[in-house]
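Dear colleague,

I am handing over the structure below, and I would be grateful if you kept it open while you read. After it you will find what turned up, one part at a time.

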Amino acid sequence: MHPDPLFGRVLLLADAGELAPALEGFGLRCCATTGGNDALHAIIAADVAMDPFQLVIGADAALAAGLSRAPLLAPPRLLPMDAGLHGQSALRHAVATAFAPPVHQAELRVAGVNVAAGLANVGGDRPFYLKLLDAFYTAQRDTGTALSAHYRAQHWPDLARRSHALRGSAAGIGAQHVQEAAAALELQVKLHGQAEWEQYSALQEELERVLTGLRECFASLAGEAPQAAGGLAQARAAQERLILMLGQFDGDSLDVFAESKACLGAAFGVDVLAAIEEHLQRYEFDAARALLDLPSGH
């Protein structure tokens, strides 16, 4: 049984060898050229003629850069000449994959979160950002209850510490309103020794808005897994930095932990993070450092 024919137009650069007849055998239309400038002109002309090259095989870095600046209506995909194009089966698979439309990814929308800012914090790495959102939700879903308990019991130092930790985590994902409300509540306790209802309720409202937005976002992703490419590497970097700071009894360790908490979620469980945070709040730096140095943090 023969596979279904492929449809499209391919530009071959340099020494095409036996590629052209093989590609034509798949049903594709092929054109060959030898120079980068000639190739670029051929692509532009084909695009203007509304008969575009959908694929270019063998483009070098200079031509790829030229393509990025060219006024193309439909930029072609690029495939290196050495991209496993040996044998009929491998060649057909590589070309069919290059012709395949990009996988659609739903736009990320989270109420109360500046997604663009959050993505910028992680260099635009969407899978890792989804991991951060998941870690934030897991770590903060009970924070509202804890804030309520501290406020009603008038445990103002505990309320300030919890707000401080929440502020750092919120900044990491781009939850700017939560970050600002937590900072305002923390400052009020530091200046006046207590919190007013307005600041407390504002933080609760903003936090609940984000948590609800995260639940809705996760439901809308239809199974897109929040798997962080490089997430463990970033967690390891934060872990090593904190271990060094704690060994020096650096008071800034609390701030660094708060800022890195979502990132550390890629390597540590929620219970371990909570225990580390508790030790830090009590300035038990050796105990916190021992937990961070556990083999399970790999």
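**The sheet and its strands**

Strand 1, which covers residues 9-13, pairs with strand 2 in the parallel sense, and five bridges connect the two. Please keep in mind from the start that this is a predicted model. Along this pairing, Leu 11 stands opposite Cys 31 of strand 2, and Leu 12 stands opposite Ala 32 of that strand. Strand 1 also runs parallel to strand 3, to which it is joined by three bridges, and here Leu 12 has Ile 57 of strand 3 opposite it.

If you now look at the sheet as a whole, you will see that it is an open one of four parallel strands, arranged in the order 2-1-3-4. Strand 2 (29-33) and strand 4 (77-79) are the edge strands, each of them pairing on one side only. From one strand to the next, the twist averages 20°. As background, the strands of a sheet pair through backbone hydrogen bonds, and the pairing may be parallel or antiparallel.

A helix lies against this sheet as well: helix 4 (residues 88-99) packs on it and touches strand 1, strand 3 (55-57) and strand 4, while its direction makes about 155° with that of strand 4.

Is strand 1 buried or exposed? Five of its five residues are buried, so strand 1 is largely enclosed by the rest of the structure. In a regular strand, side chains alternate between the two faces of the sheet. In strand 1, Arg 9, Leu 11 and Leu 13 point one way, whereas Val 10 and Leu 12 point the other way, and all of these are buried.

The next part to find is helix 8 (residues 156-173) with helix 9 (residues 176-192), whose axes come within 8 Å and cross at roughly 155°. Because angles over 145 degrees count as roughly antiparallel, helix 8 is roughly antiparallel to helix 9. The crossing in which helix 8 passes helix 9 is left-handed. On the side of helix 8, the residues that make the contact include Trp 156, Leu 159, Leu 166 and Arg 167, and on the side of helix 9 they include Val 178, Ala 182, Leu 185 and Glu 186. Sorted by class, the residues of this contact are 11 nonpolar, three polar and two charged.

Helix 9 also meets helix 10 (residues 197-220), and the axes of these two helices come within 9 Å and cross at roughly 155°. By the cut-off already used, helix 9 is therefore roughly antiparallel to helix 10, and their crossing is left-handed. Among the residues of helix 9 that take part are His 177, Val 178, Ala 182 and Leu 185, and among those they meet in helix 10 are Tyr 200, Leu 203, Leu 207 and Val 210. The contact of helix 9 with helix 10 has nine nonpolar residues, three polar ones and two charged ones.

**The chain as a whole**

Stepping back, the protein chain holds 14 helices and four strands, and 41% of its 298 residues count as buried. Among contacts in the chain with a separation of 6 or more, 62% are between residues 24 or more positions apart.

With best wishes

Methods. Residues are numbered from 1 along each chain as its sequence is written. This is a predicted model: local features need pLDDT of at least 70, side-chain atom pairs count only at pLDDT 80 or more; totals for chains, interfaces and linings use all residues. Side-chain values use heavy atoms; hydrogens and water are left out. Two strands pair if DSSP finds at least two bridges between them. Axes are lines fitted to C-alpha atoms, for helices over the stretch in contact, and angles run from 0 to 180 degrees between N-to-C directions. Contact means heavy atoms within 4.5 Å. Angles under 35 degrees count as roughly parallel, over 145 as roughly antiparallel, 65 to 115 as roughly perpendicular and the rest as oblique. A crossing is left-handed if the near helix is turned anticlockwise from the far one by less than a right angle, and right-handed if clockwise. Ala, Val, Leu, Ile, Met, Phe, Trp, Tyr, Cys and Pro count as nonpolar, Asp, Glu, Lys and Arg as charged, and the others, Gly among them, as polar. Buried means under 20% relative accessible area, exposed over 50%, partly exposed in between (1.4 Å probe, protein chains only).
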